[in-house]
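Let's take a walk through the charged side chains of this protein. Have the viewer open and follow along as we go.

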Amino acid sequence: MAVIAMGLLVLSNRAFPNEFAHEHVIHLKGTTNTRDIGGYQNGDMHTLRWGQIIRSDNLSRLTAGDFQKLEKIGLKTVIDLRTQKEHDQSPTAWTGDNPPRFFHFPVGDSDNDWFTAQRKMMKRNRFTQEQALEHMIEGYRTFAEEGTSSYHKLMEVVLDESNWPVLIHCSAGKDRSGIAVALILEALGVDRETIMEEYLLTNEISRIEEKAVFLSKESRNSSRGNRFSKGTPASAWLPIVGVDARMLKAFYVTVDEKYGSMDEYLTELGADREARGALAASLTMAQPRLAMVK
């Protein structure tokens with residue numbers, strides 16, 4: 001995830017241009033996984049306003065046109081969830097006329113056990129799809145255990161309407177950002193099936209199969225001359241470049257184990273029921289009733 005995302009930066013536009021005409025996708029030349037989470041309904045049948053909460057992958061390769069497009073949306077705030085190392089290696093240098101306010105809330109540390117295990121797995125360059133999936137599932141457990149402080153800071157920013165529109169990103173825009181968006185939708189009262197649907201959109205819009213094939217070829221090239229490794233097949237890269245429902249479910253299970261419930265966890269993040277009600281009142285709108293035609 002975080003490690004290979006650096007290598008995938010070169011693929012963000014040239015190798016994998018975003019050609020999907022999905023209503024949530026924001027087409028930027030420098031990213032592959034930028035989308036608006038507006039349009040979803042909560043339990044009160046109110047609809048999340050468009051153009052207020054955006055999720056994305058790394059912003060370090062945005063073009064001048066990309067900056068203009070985001071400024072046209074009226075972007076006020078960017079929340080970066082990458083580790084300090086990722087942040088330093090690929091900084092975002094905003095070149096537009098109206099730069100947003102930036103917050104850096106790292107989820108995890110590049111030297112923790114999970115990131116260390118990931119580097120070892122990549123270096124070994126011989127893992128299966130099952131091993132990659134289990135590694136990613138463990139990552140989501142780690143984010144639930146180590147990310148509370150950062151998600152608390154994120155929620156504090158999101159709860160303040162003066163910060164909207166907000167863009168939330170990490171390296172690949174799918175895991176740490178995916179959890180952040182899931183938490184926001186939970187706070188708004190969106191049902192979990194819809195939250196999972198939004199989460200899995202990464203697999204549809206970011207062309208994970210092509211990325212997996214590319215990384216498999218790269219791993220074979222790097223294994224030449226190594227009789228102990230023939231590289232990693234494309235199927236094994238899919239959990240790394242994409243998402244799986246079992247990953248997000250692992251986050252939910254860990255939250256329940258550690259905090260008792262999502263309700264308690266959101267309260268721990270500073271989004272108690274009163275704050276959630278205020279957020280829903282501001283960030284959603286009632287759908288106009290259609291007149292019945294006789």
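Are Glu86 and Arg176 buried or exposed? Both of them are buried. Keep in mind that you're looking at a predicted model, so every value here is computed from predicted coordinates.

Stay with that pair for a moment. Glu86 and Arg176 form a salt bridge, and their closest N and O atoms sit 2.9 Å apart. Trace the chain between them and you'll see that the pair links distant parts: Glu86 belongs to helix 3 (residues 84-89), Arg176 belongs to helix 7 (residues 176-187), and 90 residues separate the two.

This is one of 13 salt bridges in the structure. Now find Glu198, which makes a salt bridge with Arg35, again with 2.9 Å between the closest N and O atoms. Here, too, distant parts of the chain are linked: Glu198 is in helix 8 (residues 192-205), while Arg35 is in strand 1 (residues 35-36), 163 residues apart. Glu198 and Arg35 are both buried, which means that each has under 20% relative accessible area.

Arg273 forms a salt bridge with Asp263, with 3.2 Å between the closest N and O atoms. Arg273 lies in helix 13 (residues 273-283) and Asp263 in helix 12 (residues 262-268), so this bridge ties together parts that are 10 residues apart in sequence. How exposed are the two ends? Arg273 counts as exposed because its relative accessible area is 63%, and the cut-off for that label is over 50%. Asp263 has a relative accessible area of 22%, so it is partly exposed.

Through salt bridges that share partners, Arg35, Arg55 and Glu198 are joined into one network.

Asp109, Asp113, Glu145, Glu146, Asp256 and Glu257 form a negative surface patch. Which elements give two or more residues to the negative patch? They are helix 5 (129-146) and helix 11 (245-259). With a relative accessible area of 37%, Asp256 is partly exposed. That value also clears the cut-off for patch residues, which need over 30% relative accessible area and no salt bridge.

Key: Residues numbered from 1 in each chain as written. Predicted model: local features only at pLDDT ≥ 70, side-chain atom pairs only at ≥ 80, totals over all residues. Heavy atoms only, no water. Salt bridge = Lys/Arg side-chain N within 4 Å of Asp/Glu carboxyl O. Helix = DSSP H or I, 4+ residues; strand = E, 2+ residues; numbered from the N terminus. Buried < 20%, exposed > 50% of the residue type's maximum accessible area, 1.4 Å probe, protein only. Patch = residues over 30% accessible without salt bridge, like charges linked within 9 Å, V, L, I, M, F, W, Y side chains within 5 Å. Areas by Shrake-Rupley, 256 points an atom, 1.4 Å probe, with all protein chains shown as cover. Lys, Arg positive; Asp, Glu negative; His and termini not counted. Charge placed at Lys NZ, Arg CZ, Asp CG, Glu CD.
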